[in-house]
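Hello,

Here is the structure I promised to pass on to you. Have a look at it first, and then read on for what I found in it.

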Number of protein chains: 2
Amino acid sequence: MDISKHLNSSELDSSDKQPLYMQIAILIADKIRRQILQPGTKLPPERELAELFAVSRTTAINAYRHLEQQGLVWTKVGSGTYVAQAREVESLSEVPWPQLFTAYPQNPITSILRDLVSTPAPGTISLAAGMPDPALYPMETFTELFNRNIGKTDPAHFGHIPTEGYTPLRKAIAVMLSEKGIPTSTENILTLTGSQQGLYLLSKVILEPGDYVVMEAPTFIGAIQVFQAAGARVLSLPYSEKLSLELLEDFLIRYRPKLLYMIPTYQNPTGRVLSEHDRQDLIKLAKRHRLVIVEDDPYSDLCYGEQPPQALKALDSYGGVVYLGTFSKILFPGLRTGYLVGPPILINRLALEKQFVDLHSNNIAQWLVTMFLNEGMLPQHLTTVRREYKKRRDTMAKALQRLCAHQIEFNLPQGGFFFWCKLKQAVTSQRLLQEAAKNRISFVPGEAFHTVPTHDKEFRLCFTTHNEAVLLESVQRLSKTLIQISKKTIDSDEQSCSIWPII
Amino acid sequence: MDISKHLNSSELDSSDKQPLYMQIAILIADKIRRQILQPGTKLPPERELAELFAVSRTTAINAYRHLEQQGLVWTKVGSGTYVAQAREVESLSEVPWPQLFTAYPQNPITSILRDLVSTPAPGTISLAAGMPDPALYPMETFTELFNRNIGKTDPAHFGHIPTEGYTPLRKAIAVMLSEKGIPTSTENILTLTGSQQGLYLLSKVILEPGDYVVMEAPTFIGAIQVFQAAGARVLSLPYSEKLSLELLEDFLIRYRPKLLYMIPTYQNPTGRVLSEHDRQDLIKLAKRHRLVIVEDDPYSDLCYGEQPPQALKALDSYGGVVYLGTFSKILFPGLRTGYLVGPPILINRLALEKQFVDLHSNNIAQWLVTMFLNEGMLPQHLTTVRREYKKRRDTMAKALQRLCAHQIEFNLPQGGFFFWCKLKQAVTSQRLLQEAAKNRISFVPGEAFHTVPTHDKEFRLCFTTHNEAVLLESVQRLSKTLIQISKKTIDSDEQSCSIWPII
């Protein structure tokens, strides 16, 4: 069914005193009640709804939110908005679920991500998610480790373990970090269900609504979401070649932020590496202000040229750097095994919180990673993936240079997962994404990495998930899209750029 | 070092206008600064500190809390309170961690649990934790499943998966529940990092500070903690032979609680089974009031006689029952795999929250459990563990009857993990626990299962973790303790019962 014919702006009354979002919601509710829109029907993404009614995206979001509160539609993560089932509508009349829920910190990023991860057309190449290539997961090694050790392991290791983590893994991580120049002992380590959980626990233990946090802009979406959900206000340090310590110091004095969140090495999404010199200056400033720095370091083992500078944590002379690591990017995400490094007093407080969340993380994964580390298998694996990802980066860089250099600028990342590109044309990366979808390619528009919705020209391409042949095909599709879009008139863009008053 | 000689009430000045907890804190702080108490020294548990100074437990707790806020001591979960390291004291002068932390919902239960799980004397038999026996974990079956299927599984299954869970597992659980009379489809299931996470997510999504929740008293500690941490006020439905629907209805009308939390089958800690008739009446009442019931059902597969009545969820005629299940008790806890059953609108809202917490649960465990279910291995395993646990229950019941029947009353549980016992003597179960520790046996005093600290006479014994020989030994030690305690004068009890004003 083409839904758009049931939903258009001609039915809106501009003289109506109701807010626009409410008018749209009433229109849709009416069609649901009259069963013109059947239960289960997928409604247009917010972006398209906004276009259909020639309203702002915010208005579209508010219309859906109002319908959801009434139980007439529901939003499925990663898929879209659907007309509620008759049965659901009926059961809602008994238990009014939406009214029971606490407020959800919905923000534009959430909607963008939801659109992004929603089932793409068959054959689409996604360069969106920051994922290692499943073909490189060391499953054979894990199978061999499992078999060789399961018989020797006391089954009690698979019962309940301390919330702080599986002790042999905490020890193994402490050894690994100490060798990297981060002096660590077991009591400094909390193992996590993915490093995302570290951000979550920190937000629960350190942030109160209204607190300030400083973040680079752009930065990792998951961190923005968690800190905003805790009610924190984000102070943005704009990305540039050099870190602006002057601006940071102004923030520190003016707002007394609770923490600074940073990815110093192969930053997500920009790939930027903070120089040795900047790291030292940053630590000096942070020490002076007793500033807590949350250093997120998922990529530093994936370097394709010279070694990056040492972690901030290795330079930490005042005990204020909290370090987050993960095995998701270097081994595989399904392990859900990350870790946090900090002083025992912090580890203890975080563990008290983690008890409520999941008692402790999965032991099978922790046991497997322990053996992988203790039997010295990580260096060999890293050599393999580095070599492969470097080839992919070079192949993709050449292709981008050859086919897209007229339309975009991009960097050559020295490590990590991403190309950070900038459009030279007068179009936004969101608009490019819409067109790209038709050519069956997807990526993340720059807007997703900012706390303020901006119609920017940047976007992120992940070069590690697919092999070289697929990457070449993806660049060809991107090039085709860039050429098409430069030929089109872009009136609609001008329109969607304007900010509509929310009345 | 015998610390008690450095800490005693003779040093307190009763004419001093400072609160008692502050006087004690200053005394200890002084000894730390003069290094009479060295860094790393373990301080007495709160209970002992209270005895040393002849003050209430609350005063002792407040003294330690004050010292912790000053960074002079720190509390390690499951271990105790320690004098902070010089290095920690120094680093605290740079980043004042304790001042950065949000308030922690510390309550008497937390301290009791901390004492409980703290490293017991060597040779202690613990009947405290509700744990299956590691000797019965089906590790061989899991190894076989792992080997037979790893080669056939696309490695992408170990990458990122939807937050709602590994789809094949959600399907398998839906089939399993439907066969049990709970009609369920995949979209009704959220897989969890242990069913504890279901309680946590529900508290985040449904509870605002000040909301009321109804809980049986006594009930599962983890649920009490999570709901109280969310700022909820607990209305207690006292345990008795029959559920008091009159009291429940009074609560519903008077307080409009957000939810009722229940373990209808083989309740923790009492072992009680809610009758078929009571279940139907409860559902009728809940439906009339559109009350959300959270049904926690970890034990119903572990029945040692006739089948228990159907789950409340199977009777749910108004869509208001949220069902929690887990594989921790029937397979093993380290899987950290539980699940929640509810309407899609709730699953969706919970998944939005879970994204922040850990993105998704561990895939290796979810993949293993899927195969275990799909290859029909659960019924055989349940037959094995039921037979073994039934034998243990019977052996222990006989021994308790023979050796302890003069001092305690107890039930014969029809399923689950626990004996719920009541002292006939004029002593509290907390006092019994202190004496029992000397005979190297431990259990959970009844106080831990209540929201209000009461000096009650009940306690819980877990009969599934140890084999019959160990259980027999444990009953002998318990019997010895009961005889010893009945001979002692119990003056100290009278004292510790009084409520001291917190001035």
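Let me begin with one residue of chain B: B:A25 sits in helix α1 (residues 20–33) of that chain. Please keep in mind throughout that this is a predicted model. Is B:A25 buried or exposed? B:A25 has 23 other C-beta atoms within 10 Å, and 20 or more make a residue buried, so B:A25 counts as buried. Leaving out residues up to four places away in sequence, B:A25 touches B:A63, B:H66 and B:L67. B:L100 lies 75 residues from B:A25 along the chain, and 21 Å separate the C-alpha atoms of the two.

Now to the two chains together.

The contact between the chains takes 73 residues from chain B and 73 residues from chain A. On the side of chain B that touches chain A, the elements that each supply at least two residues include β2 (73–76), α4 (86–94), α7 (139–150) and α15 (363–374). Helix α14(B) gives the most to this side, with ten residues. By kind, the residues of this side of chain B are 41 nonpolar, 21 polar and eleven charged.

Most of α14(B) is covered, with 13 of its 15 residues buried. Just after α14(B) comes B:L359, which takes a positive phi of about 65°.

Which residues of α12(A) are buried? They are A:R279, A:L282, A:I283 and A:A286. Viewed down the axis of α12(A), these buried residues fall within an arc of 100°, so they line one face of the helix. They pack against α11 (245–255), β8 (292–296) and α13 (312–315) of chain A. On the other side of α12(A), A:H277 and A:R288 are exposed. A:R290 follows α12(A) and has a positive phi, near 50°.

A:L237 is partly exposed, with 19 other C-beta atoms within 10 Å. Apart from neighbours within four places in sequence, the contacts of A:L237 include A:V214, A:M215, A:S244 and A:L248. Between the C-alpha atoms of A:L237 and A:N348, which are 111 residues apart along the chain, the separation is 31 Å.

Finally, the domains. The domain assignment divides chain A into domain 1 (3–104), domain 2 (125–136 + 380–497) and domain 3 (139–376). Taken over C-alpha atoms, the centres of domain 1 and domain 3 of chain A are separated by 40 Å.

Enjoy exploring it!

Best wishes

Definitions and conventions:
Residues numbered from 1 in each chain as written. Chains lettered and ligands numbered in written order. Predicted model: local features only at pLDDT ≥ 70, side-chain atom pairs only at ≥ 80, totals over all residues. Contact = placed C-beta atoms within 7 Å. Helix = DSSP H or I, 4+ residues; strand = E, 2+ residues; numbered from the N terminus. Nonpolar A, V, L, I, M, F, W, Y, C, P; charged D, E, K, R; others polar. Buried ≥ 20, exposed ≤ 12 C-beta atoms within 10 Å, placed from the backbone. Arc of directions from axis to C-beta. Domains from an automatic or database assignment.
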